[in-house]
Amino acid sequence: MSGRDMSYEAVMARRNEIMMASLGIDYDEFELTDLAFDYEKMMGRTGYSLEDVARIQHETKVGSTPLFELRNLTNAVRRYAEPGKGARIFVKDEAANASGSYKARRASIACYEAAAKGYRGVATATSGNYGAGVASQAAMRSLACVVVQEVYDSRFVGQPEIVEKSRACEAYGAEVLKLTVGPELFWQMLVVLEETGFFNASLYTPFGIRGVETLGVEIAQQCRDQAGREPDVVIATNAGGGNLTGTARGLLAAGAQDTRVVACSVDLSGLSMASDHDFNRKSFTTGHTGFGVPFTTEPDRADVPRNAARPLRYMDEYQLVSQGEVFYVTELLTKLEGMERGPAGNTSVTAAVTLAAQMAEDQIVVVQETEYTGAGKHHNRQLSFARENGIEVRVGDPAQNVPGRSIVIPERLEQVRGRVQDLDRLRRSRIKNCLKQLPAAQWSDVDYEYVAAETRSDRAFVESVLADMNA
Amino acid sequence: MSQTSHGAAGTLVAAGTWVEIQKVLLQPQERASNVPDDTRATPFVMRVRGFLDADGIVGEQVSVTSLIGRVHEGILIDASPAYEHSFGPVVPELLHIGRITEREDAR
């Protein structure tokens, strides 16, 4: 690789050829127009059936995780809910996967594919559980692994949760490149791919999303077995969108058409994700609106040409919760249910409390993941770290929570209310982003069909939005 | 949580020791155009751990070989680096939550 220009501009200009070599997928074959592409054709490109995926995952200690009913939490909700309200809350204990989170499902297929295609190693850019998932799966497939992480602000203060992820990745034998804040992380990832010739285990390839489909299938089957009915609601913590997309696709594949799929993110509105100053002023490194909203309205901002995670195609509702509410529910889960788990799944548990209080007693709401917790990832560390970084932490009304300034922990469970995000606003934003790609005057029937599918709406809705925008 | 150099500058570290190095990847003026101003005022820096390839001195340029056998060059900042993240000092604001004394279902 010597002699090549490795400057930011030069490497970014080689982006497409690097992607092609590191994935073996020619994304051009899915393009339909200057706007639309064939999503299902891309998803089918993996060549793996759901049965194949389940078998591959079982080989490397992924899947078949328990579905538990949270009886004490449900009872706590019923104490303040209106008579007859208080749906049964279940949780899919994904912490039981190798590496401690559902991300192992996404990593498993990428690593299998990399090994099958003869790559010597895999690389991924992620500061979250996915890095540990890839490192763990790579270890089992005898692949070398590089994980590129955003860890520090310019003072070299590491976000505790990410410092723990660095440790986990190194524990599984990966080389971890720990970076300061900045979107140039993607440039460094391309440099790694070019230098190593490794497989690009991006979160957002069809392999990554197909790997999550088994999660939706298992939820439908286990819920039928244990409760005699399908879940009324499944809640997925939403950041890059793959968790929700894969789970929803799995539910559909298992015939659970009537199950409502609810997205949930921690509300961090007002904080910049690329700001050195803001980096350590947020207590959640993912599962928040800083990723959830932009990835929902512009999925192709991902590190691959076309993102296989397209959550707006699948979500029925989008719940927002505050940092303080999640910390409250995390502590309550530990005390009432005897399970200590990390922030990703607990974000959805928080929304589950809100929704269960509004749903009938015989209905079922499923939280579709948990993750491991530990030093750095524990809510006590996130709160003490917030305090060290000048964030006010107090007990009170969580409605007074201000991202980056204060974290207000509820006094009582009934104060955990979350709030609903307007889905139509997100749909309009998605349509606006489509217009940036191709002006409406040039849209064909194929484009209208694509935009309707992207926004889970119909042509009439799309046309009415365009009319409102004078587009 | 700040991770600073443990070995004092000038400390000699033996070849083969597990160490951490630091490397500036992009100077402020080389950074991407879409970076916020506060971030752009700082360099884009990488830290990585590996086995020291030859005897080296903290604060000076060295090369290391990572766990997967790749070679990286940078400034030696730490010998035998520790993981220092923790559960943190107690946060009293969590202690009222879910106590058995306040649970209506407690026997």
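User: How much accessible surface does chain A have, and what share of it belongs to carbon and sulfur atoms?
Analyst: This is a predicted model, in which local features need pLDDT of at least 70, side-chain atom pairs count only at pLDDT 80 or more, and totals for chains, interfaces and linings use all residues. Residues are numbered from 1 along each chain as its sequence is written, chains are lettered from A and ligands numbered from 1 in the order in which they are written, and side-chain values use heavy atoms, with hydrogens and water left out. Accessible areas come from the Shrake-Rupley method with a 1.4 Å probe, and for residues only the protein chains shown count as cover. For chain A the accessible surface comes to about 15,400 Å², and the share belonging to carbon and sulfur atoms is 47%.

User: What percentage of the residues in chain A is buried?
Analyst: A residue is called buried when its relative accessible area is under 20%, exposed when over 50%, and partly exposed in between, using a 1.4 Å probe and protein chains only. C111(A) is one example, with a relative accessible area of 0%, and C434(A) is another buried residue, also at 0%. Of the 471 residues in chain A, the buried part is 68%.

User: How many disulfides does the structure hold over all chains?
Analyst: A disulfide is a covalent bond between the sulfur atoms of two cysteines, and here the pair must lie within 2.5 Å. The closest cysteine sulfur to that of C111(A) is in C145(A), at 6.8 Å, which is too far for a bond. Over all chains, the number of disulfides is zero.
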